[in-house]
Amino acid sequence: MRKPHDRIYDYDVYNELGNPDKSDELARPVIGGKERPYPRRCRTGRPPSKSDPLSESRIEKPHPVYVPRDETFEEIKQNTFSRGKLKALLHNLLPSLAVRLSSSDIPFKCFSDIDKLYNDGLLLKDDDEQKESILFSGSMMKKVLSVGGQWLKYEIPAIIQRDRFNWLRDNEFARQALAGVNPVNIEILKEFPILSKLDPAFYGPPESAITKELIEQELNGMSVEKAIEDKRLFILDYLDILLPFIEKMNSLPGRKAYASRTVFFYTKAGFLRPLAIELSLPPTPSSPHNKHVYTHGHHATTHWIWKLAKAHVCSNDAGIHQLVNHWLRTHASMEPYIIATHRQLSSMHPIYKLLHPHMRYTLEINALARQALINGGGIIEASFSPGKYAMEVSSAAYKSMWRFDLEALPADLIRRGMAVEDPSEPCGVKLVIEDYPYAADGLLVWSAIKEWVESYVEHFYSEPNTVISDIELQDWWNEIKNKGHADKRDEPWWPKLNTKEDLSGILAIIIWVASGQHAAINFGQYPFGSYVPNRPTLMRKLIPQEDDPDYEKFLQNPQQRFLSSLATKLQATKVMAVQDTLSTHSPDEEYLGQVNPLHAHWINDHEILELFHRFSSRLEEIEKIIDRRNKDGHLKNRSGAGIPPYELLLPTSGPGVTGRGIPNSISI
């Protein structure tokens with residue numbers, strides 16, 4: 001068993017998420033290995049659990065999980081609210097919310113109930129423990145003293161701050177696929193009919209129920225073939241990743257989900273419009289074609305059903321965002337790079353020095369997440385549709401779609417058909433939708449990182465064969481592939497590491513994932529997600545069908561059916577508290593292009609210092625470019641009445657929930 005003063009870096013599978021010694025209900029399968037592949041985490045050396053020799057015994061909060069001593073929060077960090085607030089949130093605030101709401105864990109009855117979270121707040125019992133929880137809760141939460149207790153209030157989230165009805169509009173639903181907190185799943189529709197890759201013996205016919213005729217009804221005379229040729233049709237497709245889990249998810253109490261597909265049309269006016277939503281359940285003997293298609297319609301009933309269909313899509317999107325794009329593709333994938341860097345590269349090695357700012361606090365924040373966020377019975381399971389199957393969904397995504405080489409932003413955009421290769425463009429790609437804020441701003445940041453990395457590598461590896469003859473470097477890359485991502489070790493797509501160009505490409509991906517990609521995916525969680533109807537993290541009811549016993553109730557009170565389908569008050573308030581915490585910058589944050597004076601020794605070369613200053617200056621220019629874009633009225637996805645500007649990839653930020661800023665590392 002590791003001691004706090006130990007400095008031991010080693011790999012292990014995710015076998016500590018469950019707690020079979022406490023309850024069979026808290027047992028979880030091992031994540032990592034042939035059956036459920038996954039990146040490796042930092043080994044703690046704890047003994048196996050008593051009930052299951054394959055599971056590691058757990059250390060429960062508030063006791064700390066082991067991470068090597070160099071990875072723990074420094075003293076200066078311990079005195080800021082970032083660490084204190086996360087721990088206080090997990091140990092104090094959420095339990096107190098549960099006590100306050102558990103006796104009335106009921107759905108929101110009207111939209112004003114949701115507004116009260118921002119306008120009135122919640123009264124919490126006034127005792128010392130809960131005082132601490134309020135003090136350290138997120139910057140978007142305010143404490144207001146009152147007689148006999150304290151009121152916990154949430155700030156109005158950015159998505160409804162300018163226009164409280166914005167979330168209802170189809171254009172906003174579509175806009176968030178390009179400029180929201182999860183802008184990395186939309187892809188171009190390349191062929192029709194839309195086909196699933198799942199085994200039809202288990203999941204039914206592969207053809208989508210979204211037909212050519214249905215789409216063409218919405219295209220005002222344009223054919224589907226012409227729309228595909230002109231690159232005007234796009235899709236959010238969660239069917240193949242979620243359908244294998246839907247039956248298990250829907251067996252959980254208070255969970256009802258579909259696997260969704262949504263088709264969009266890019267209009268000549270320059271905005272996306274949703275055309276059709278397909279919601280699928282696994283086929284049954286009585287319903288072999290268990291797929292329902294919805295369009296927006298104009299009748300009152302179809303209008304409310306369309307709202308519910310969009311809510312189910314948003315719930316799918318929220319789960320994939322959190323479990324795949326956020327946790328897997330940034331937090332979990334980054335951990336092996338950090339472990340290998342410490343194990344194989346000397347602290348004097350130039351690549352260690354380059355990566356050092358981008359590894360800060362990631363192992364500790366990941367350890368905290370495994371202890372109380374993604375663990376069995378933790379907040380993610382309690383708050384998102386997949387429930388206890390959350391990490392199995394994440395593993396399935398790793399198996400089916402994660403590729404190191406495609407984590408480069410230009411490569412990812414090409415994979416999704418959102419860009420085409422164009423050597424005349426700065427990053428070698430041209431966007432299919434020019435007004436794609438995440439991609440347009442991201443390419444600026446990506447190109448700045450790549451230029452900085454290439455100049456740094458050129459400085460140290462200018463001679464031929466210096467990369468391939470660097471034994472430390474070769475061992476580092478081999479360990480990342482063969483130990484850190486052991487379940488993918490035999491894949492043919494791993495980049496070679498023979499030349500300085502190879503090295504620059506690998507390092508640019510690692511730094512982009514730790515900085516720009518994580519910032520774009522993480523720091524919009526409260527601004528977009530904390531208004532429950534805009535982005536429900538789970539749904540509790542299926543869409544009513546005409547032969548359902550409660551269909552008449554839906555017709556009589558559609559608002560009540562909509563709100564009762566969303567998370568309960570307790571579920572919603574929990575996830576809002578977590579989103580607030582995860583969206584917060586601490587006062588000692590180190591941003592891309594900045595170096596902590598305490599760590600400035602890593603740049604001890606005058607030429608490298610000049611190159612770094614050039615990088616910092618370029619990021620300052622990028623900030624100005626993004627500010628100008630946000631004021632450009634022609635860019636409808638980032639400007640207009642009630643539309644929040646796209647600021648998630650602005651390099652700098654002040655402390656708190658700002659919806660902007662790119663930290664050097666995954667530190668929250």
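Tutor: Helix α18 (residues 471–484) packs with helix α19 (residues 500–522) at an angle of about 50°, and their axes are 13 Å apart. That makes α18 oblique to α19 (under 35 degrees is roughly parallel, over 145 roughly antiparallel, 65 to 115 roughly perpendicular, the rest oblique). Axes are lines fitted to C-alpha atoms over the stretch in contact, with angles from 0 to 180 degrees between N-to-C directions. Helices are DSSP runs of H or I of at least four residues, strands are runs of E of at least two, and both are numbered from the N terminus.

The model is predicted: local features need pLDDT of at least 70, side-chain atom pairs need 80 or more, and totals for chains, interfaces and linings use all residues. Residues count from 1 along each chain as its sequence is written, and side-chain values use heavy atoms, without hydrogens or water.

The α18 and α19 crossing is left-handed (the near helix is turned anticlockwise from the far one by less than a right angle). From α18, Leu-473, Trp-476 and Trp-477 meet Leu-503, Ile-506, Leu-507 and Ile-510 of α19 (contact means heavy atoms within 4.5 Å). This contact of α18 with α19 has seven nonpolar residues, no polar and no charged ones (Ala, Val, Leu, Ile, Met, Phe, Trp, Tyr, Cys and Pro are nonpolar; Asp, Glu, Lys and Arg are charged; the others, Gly among them, are polar).

Now the pockets. The largest pocket has a volume of about 1,500 Å³. It is lined by 43 residues, and nearest its centre lie Lys-197, Asp-237, Asp-240, Ser-400 and Met-401. A pocket is an open set of points on a 1 Å grid over the protein atoms alone, where a 1.4 Å probe fits, with protein on both sides within 12 Å along at least five of seven lines; lining residues have an atom within 4 Å of a point. Points join across faces, edges and corners, and the volume is the space filled by probe spheres set on them. α15 gives the most to this lining, seven residues. The lining of the largest pocket holds 21 nonpolar, five polar and 17 charged residues.

The second largest pocket has a volume of about 440 Å³. Its lining has 18 residues, with Glu-425, Leu-431, Ala-440, Leu-443 and Arg-629 closest to the centre. Here α17 gives the most, four residues.

Last, the backbone. Phe-192 to Pro-193 is a cis peptide bond, with omega near 0°. Pro-193 sits in the loop between β6 and α7 (200–203). Tyr-361 is not a glycine, yet has a positive phi of about 70°.
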